[in-house]
Amino acid sequence: MATNIDQTDAYRQSMLDKAETLIEALPYLQRYAGRTFVVKYGGHAMGDPELAEDFAQDIVLLKACGINPVVVHGGGPQIGRMLKALGIESQFVNGLRVTDKQTAEVAEMVLAGAINKELVSWISRAGGKAIGISGKDGGMVLARKVQSKAPKAIEEEGEPLVVDLGFVGEPDRIDTTVIDTVCAAGMIPVIAPIGVGPDGETYNINADTMAGAIAAALGASRLFLLTDVPGVLDKDKNLLTDLSPADIAMLAEDGTIQGGMIPKLETCVHAVEAGCEAAVVLDGRVPHAMLLEIFTSRGAGTLIRA
Ligand SMILES: Nc1ncnc2c1ncn2[C@@H]1O[C@H](COP(=O)(O)OP(=O)(O)O)[C@@H](O)[C@H]1O
Ligand SMILES: CC(=O)N[C@@H](CCC(=O)OP(=O)(O)O)C(=O)O
């Protein structure tokens, strides 16, 4: 077979650029081989099939580079749609869904069923081997009930300071055996944020909280929280590129961060204080944002370090 060896300058330059990008990745490949990255994929970022495909390719590429990716997914908007279709009302307090028994059943069905398997299937199509599980599998996540502080507005009206969120849980104890086993077998765990209580009850766990607790339990090098904003924004919508736990406490106090961003950043603080090297809030809508963050010198999103 004959090959045309005529090359234009533009072609040669484009080949050089590609080679340079690969060389730029070399120190990062060396640094991260054998490390564990926990990646939380939010429900908002999940809507677009092209982005889901890109995300799955990124995860498979990490695995091929010798990194152990552990995926924890959300699905808040999808649970909301299912509850609406079933005529069940849903309410959030400080970014957490008030969860009665029926809501917990719907959350488990949507998270551990449809969404989990869809993500497994995207990773399989990208050439990876994914195993879909929830915190119930292998006794991974023993949950305890969360007590939420009342939102500021209620506090000011002199109402009770604690709101009962029902079956909203947070990880109390994590047994990483099933994750370690799956990773060691060359596969990628895909985890739905559902836990089991001491009496066998089902707990709905915020996916960010679940990812942070798993990152802490695994002693992960990185926790990536992929969402639908460029990172943490200040009141003028400018990106805050680096935050410490003290900065985050101030942003929560002055109301700069609200809704789902509250548990997200609480999670980051918990994870970095428990030994995770750094957490990154990243825009899941930007194709391959995670790869660019990991393998190039150009940071993206908001980096949180203790
Ligand atoms: N200061 C802030 N910077 C960025 N996003 C914020 C901020 N405060 C609140 N948010 C909200 O947090 C949302 C991300 O959290 P969440 O809805 O739980 O996303 P996900 O489903 O991806 O986990 C953003 O879409 C935004 O509306
Ligand atoms: C207790 C609680 O709020 N659980 C969340 C679990 C899903 C989730 O966290 O999904 P996102 O990451 O897409 O928001 C919920 O019911 O919506």
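Predicted model: local features only at pLDDT ≥ 70, side-chain atom pairs only at ≥ 80, totals over all residues.
Local features here need pLDDT of at least 70 and side-chain atom pairs count only at pLDDT 80 or more, while totals for chains, interfaces and linings use all residues. Residues are numbered from 1 along each chain as its sequence is written, chains are lettered from A and ligands numbered from 1 in the order in which they are written, and side-chain values use heavy atoms, with hydrogens and water left out.

**The helix pair**

Let's start with helix 2 (residues 49–64) and helix 4 (residues 101–125), which pack at an angle of about 65 degrees with their axes 8 Å apart. Axes are lines fitted to C-alpha atoms, for helices over the stretch in contact, and angles run from 0 to 180 degrees between N-to-C directions. Helices are DSSP runs of H or I with at least four residues, and strands are runs of E with at least two, numbered from the N terminus. On the helix 2 side, the contact (heavy atoms within 4.5 Å) is made by Pro49, Ala52, Glu53, Phe55, Ala56, Ile59 and Val60, and helix 4 brings Leu119, Trp122 and Ile123.

**The cores**

A nonpolar core is a set of buried Ala, Val, Leu, Ile, Met, Phe, Trp, Tyr and Cys residues joined through side-chain atoms within 4.5 Å. The largest one has 44 residues, and Phe55, Phe224 and Met290 touch the most other members. Helix 4 gives the most to this core, with nine residues. Apart from it lies another core of 37 residues, including Ala143, Val178, Ile248 and Cys276.

Leaving aside neighbours within four places in sequence, Met290 is in contact with Val39, Phe55, Asp58, Ile59, Leu62, Phe224, Leu226 and Leu282.

**Two buried residues**

Buried means under 20% relative accessible area, exposed over 50%, and partly exposed in between (1.4 Å probe, protein chains only).

| Residue | Relative accessible area |
|---|---|
| Val39 | 0%, buried |
| Asn206 | 17%, buried |

Val39 lies in strand 1 (residues 36–41). Its C-alpha atom is separated by 4.9 Å from that of Val71, 32 residues apart along the chain. Beyond neighbours within four places in sequence, the contacts of Val39 include Phe55, Ile59, Phe224 and Met290.

Asn206 has its place in the loop between strand 10 (202–205) and helix 7 (207–218). The side chain of Asn206 reaches the backbone nitrogen of Thr209 at 3.1 Å. With neighbours within four places in sequence left aside, Asn206 is in contact with Gly95, Leu96, Pro193 and Pro263.

Key: Polar contact = N/O pair within 3.5 Å; in protein donor to acceptor, adjacent residues only side chain to side chain.
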